[in-house]
2 protein chains.
Amino acid sequence: MITLFENIEENDIKKMLKCFDARKILYKKERTILTNMSNTTIFGVILSGTANIIRVDYNGVRNILERLTEGDIFGGPLYESVNNELSIIATSDTEVLLFDYHHIVNRCRKNCEYHSRLIENMLQILARKVQANNEKLLIISKKTIREKLLEYFQTKARNNGSKSFKMDFTLTDLADYLSIDRSAMMREIKNLKEDGFIEIINKRIYLHM
Amino acid sequence: MITLFENIEENDIKKMLKCFDARKILYKKERTILTNMSNTTIFGVILSGTANIIRVDYNGVRNILERLTEGDIFGGPLYESVNNELSIIATSDTEVLLFDYHHIVNRCRKNCEYHSRLIENMLQILARKVQANNEKLLIISKKTIREKLLEYFQTKARNNGSKSFKMDFTLTDLADYLSIDRSAMMREIKNLKEDGFIEIINKRIYLHM
DNA sequence: TATTAATTGTTGCATTTGCAACATATATGA
DNA sequence: TCATATATGTTGCAAATGCAACAATTAATA
């Protein structure tokens, strides 16, 4: 899986980060990495750890938009025209690299050769993000909770090249990720078990279909 | 709005398209531009016209994933791991340019200078697509039909820099876009009107909030 | 290890939604 | 222009969902 600095010399990376005025920051679990991202060009890369992009609306309803892990990118330009309710929250101790998005898109005067490589990496990462977004759209576009769960489970299993996968969400978070009521989801998971579609053995879900 | 060949000389574009073995094809309204995209690297640009990316599942439920207009890109690599139920359908007479995605990512031996420009344009387009995807995710992540409609209307109006916007979907298509039942949506639109939230005057929606 | 916090599991009930089946209006094409 | 197709609008009803409130289990931490 390509990362932003793939195939760039250690030395060149250092130079670039200096040129970008990049800051490496460690966020403790539960801390807010970014909020109110619209109209900023701040941009980040997860170096280690995990984070969630969440929306909490005026009713206090929490929605997990996306789950970020090592190598993932985030920041203003990707949510530009989007409203101001988004935050990025560390879900474990998480190290991020922050800098201004313009440094990626606009070459500086020096026009370093490795900048081309950076842009190519960025392109790949964005293509992957589009893909992931489309996957999620297809999941939550399903009408019923049952179908959403099945589509989610199948997608996870497929990406795992298997008929099973390890849950990386708590069930509470999964409900917020799928934008459904938790208790209704529990009810449906129970149904899926009873109907023999799935089996859950300590945090691993097995698909029988 | 950046297009794929922005800032590339007319002549260079011609050379590139030859090198890419690109085909320009006209699809009549309602014709299928692509289906079964997973595991292909076929890639396209809309030159003129409009198209929808749709999913029709085993129950015959139609879902409009995305609406494509001039300058938009589409194709295998963006839906790679996604299932095989997707199709791209022309919604008006539509001219597209088709070629293999590899030509974008992998520079050929000639290593033409304008290829860098192409990749930078592609990066911008992808970033915009990520943004658009996130917008849609935030809309359909709302739990109720009422909230989905309001979020959709507000997003459209905001992108229009206004308190109103022109509908570019039929209501039937809007329901498929938002993944909700059409009749239930009509009911809710009626409620929104009665509650004074919106007003619809021939295909233009005015927000009063 | 004891205490507290968080997660999982369950249920009744009101509300929302989807579905089916219409009527009406508007658009399209022979 | 007439006939047909498509889009809009409406309703009753069954099914699915969200909400609230709770118990039981598991995890976190003082």
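**Two protein chains and DNA strand D**

The residues near DNA strand D divide into five nonpolar, five polar and six charged. Ala, Val, Leu, Ile, Met, Phe, Trp, Tyr, Cys and Pro count as nonpolar, Asp, Glu, Lys and Arg as charged, and the others, Gly among them, as polar. This is a predicted model, in which local features need pLDDT of at least 70 and side-chain atom pairs count only at pLDDT 80 or more, while totals for chains, interfaces and linings use all residues. Residues are numbered from 1 along each chain as its sequence is written, and chains are lettered from A and ligands numbered from 1 in the order in which they are written.

**DNA strand D**

- Helix 6 of chain B gives the most, with four residues.
- Helices (H or I, at least four residues) and strands (E, at least two) are DSSP runs, numbered from the N terminus.

**Chain B against chain A**

- In chain B, 31 residues are in contact with 31 residues of chain A, contact being C-beta atoms, placed from the backbone, within 7 Å.
- Strand 5 (62–68), helix 3 (114–140) and helix 4 (145–159) of chain B each supply at least two residues of the side that touches chain A.
- Helix 3 of chain B gives the most to that side, with 17 residues.
- By class, that side of chain B has 14 nonpolar, nine polar and eight charged residues.
- The copies meet through the same surface, because 100% of the interface residues of chain B are also interface residues in chain A.

**Symmetry**

- Chain B is superposed on chain A by a rotation of 180 degrees with 0.0 Å of shift along its axis (RMSD 0.0 Å), by least squares on the C-alpha atoms of residues with pLDDT of at least 70 in both.
- That is the relation of a two-fold axis.

**Chain A**

- Chain A has six helices and 11 strands.
- The C-alpha trace of chain A spans about 65 × 40 × 30 Å along its principal axes.
- Of the contacts in chain A with a separation of 6 or more, 72% are between residues 24 or more positions apart.
- Not counting residues up to four places away in sequence, A:Leu126 touches B:Leu123, B:Leu126, B:Ala127 and B:Val130.

Conventions
Two residues are in contact if their C-beta atoms, placed from the backbone, lie within 7 Å.
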